[in-house]
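User: I am new to this structure and would like a close look at a single part of it, followed by an account of what surrounds that part. Please take your time and connect the pieces.

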Amino acid sequence: MVLRGSKAIDFLSEQAVKDDPGASSHWKYYHSDFSYNEGQMKGIQGFGGNRLPYGGLRKWIHQFLQKPYRNMASDFVSFEKVDQCANIITNKQNRAYDLDVLRQSITLSFLKNKCPNQLNGQSTVWVIGDGFASMTSLILANRFAKRVVLVNLTKTLLVDLYYLRLWLGEKKFDKMVKLHTLTSSEDDISKEDNSEDFEIIAVQASDYNLLEKYNADLVINIASMQEMNPEYIAKYFSEIRKAKKSNDVLFYCCNRVEKVLPDGTLTRIGEYPWLPEDDVLVNELCPWHQKYYEFSIPMYKKYDGPIQHRLVKMTNN
Ligand SMILES: C[S@@+](CC[C@H](N)C(=O)[O-])C[C@H]1O[C@@H](n2cnc3c(N)ncnc32)[C@H](O)[C@@H]1O
């Protein structure tokens, strides 16, 4: 079944009260206080900041503290424009342009430098585990892809769509955004329309196998697989490898070198199901994702562990 725009939000709000099979112990904990009632959301935690926009002196201090991160992006040709778009999007959503969003702006500009063919305005990008749909919005606002397939746990996906609607406005949201779900009987979305427009296809994590219906040129996962059970990481790897048909599929994976979830599950980026035949284009600690800032001394603090980013041409072996 395919649900458009606001109908998708209504559907997800009904689904959000159910247990999510894709949620690890980490996400069961962070989603435990989440509720959505007639447009009012409560208990949003664990997937990025959503403070009100910074103003006055506070804005100046944030911009000052964000300077070292913007300097890291100075060689990425598209950064200035992406940065401006992020400012416009977050303003429309009445939320701050914080470090969580700035990381997405820098990463997208980095990827535009590294793999321009996969972000050529005609491509399809899967974003697995976005937050407030920041990466999805930036990709489309910059016209870097024609279609974004946005996959997330039901509760976070609901928040992603809610923030997309704030950015796009109701009319464009209803036109551009579709939820493809297996919960009810399935339509064939490709028969449904062949519009020339940019589009966003939302998919619940539990329906991960719908991904094979959409080709992918680039797949992005940031600070997300590190919080999934290995079983789900493996499912996504398998879908990504299936997505390689005629074209090359690049996977940008930026996750903790090692993380232990509340139930003791251990995830290590180096132990995800990579294959020796994969062509590794980038593999290093992500420069803009090692420290965050706060208004207390020391201002720049290390995250709980180092974060590695990899850009890999995936084999379908
Ligand atoms: C810490 S947030 C990161 C958000 C954003 N990518 C960033 O860099 O700030 C982790 C994201 O992964 C999502 N996630 C967790 N388990 C998932 C699953 N099985 N499938 C898809 N997304 C998942 C969460 O809902 C959340 O959106």
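What is the order of the strands in the open sheet, and what kind of pairing does the sheet have?

Analyst: This is a predicted model, and everything that follows should be read with that in mind. The sheet you ask about is open and is built from nine strands, which follow one another in the order 1-6-7-5-4-8-9-15-12, and the pairing among them is mixed. Strand 1 (2-4) and strand 12 (279-285) stand at the edges with a single partner strand each, so one side of each has no neighbour in the sheet. Going from one strand to the next, the twist averages 20°.

Helix 1 (residues 5-15) packs with helix 7 (residues 154-168) at an angle of about 155°, and their axes are 9 Å apart. Because of that angle, helix 1 is roughly antiparallel to helix 7, and the crossing of helix 1 and helix 7 is left-handed. On the side of helix 1, the residues that take part are Ala8, Ile9, Leu12, Ser13 and Gln15, and they meet Thr154, Leu157, Leu158, Leu161, Tyr162 and Arg165 in helix 7. Sorted by class, this contact of helix 1 with helix 7 has seven nonpolar, three polar and one charged residues.

Helix 6 (residues 134-141) can be followed through two contacts, of which one is with helix 4 (residues 79-92), where the packing angle is about 120° and the axes are 10 Å apart. That angle makes helix 4 oblique to helix 6, and the crossing of helix 4 and helix 6 is right-handed. Here Val82, Cys85, Ala86 and Ile89 in helix 4 meet Ser137, Leu138 and Ala141 in helix 6, and by class the contact of helix 4 with helix 6 has six nonpolar, one polar and no charged residues.

The other contact is with helix 5 (residues 99-114), whose axis comes within 9 Å of the axis of helix 6 and crosses that axis at roughly 45°. Helix 5 and helix 6 are therefore oblique to each other, and the crossing of helix 5 and helix 6 is right-handed. In this contact Val101, Gln104, Ser105 and Leu108 in helix 5 meet Ser134, Met135, Leu138 and Ile139 in helix 6, and the residues divide into five nonpolar, three polar and no charged.

Two features of the backbone lie in loops. In the loop between helix 4 and helix 5 we find Asn94, which has a positive phi of about 55° although Asn94 is not a glycine. In the loop between strand 13 (291-293) and strand 14 (300-302) is the place of Pro298, and the peptide bond that leads from Ile297 to Pro298 is cis, with omega near -10°.

Finally, there is the ligand, which has 21 residues around it, and of these Gly22, Gly129, Gly131, Thr156 and Ser224 come nearest. By class, the shell around the ligand divides into 10 nonpolar, eight polar and three charged residues.

Methods:
Residues numbered from 1 in each chain as written. Predicted model: local features only at pLDDT ≥ 70, side-chain atom pairs only at ≥ 80, totals over all residues. Axes fitted to C-alpha atoms, helices over the stretch in contact; angles between N-to-C directions. Helix = DSSP H or I, 4+ residues; strand = E, 2+ residues; numbered from the N terminus. Parallel < 35°, antiparallel > 145°, perpendicular 65-115°, else oblique. Left-handed = near helix turned anticlockwise from the far one by under 90°. Contact = placed C-beta atoms within 7 Å. Nonpolar A, V, L, I, M, F, W, Y, C, P; charged D, E, K, R; others polar. Near = placed C-beta within 6 Å. Pairing = 2+ DSSP bridges.
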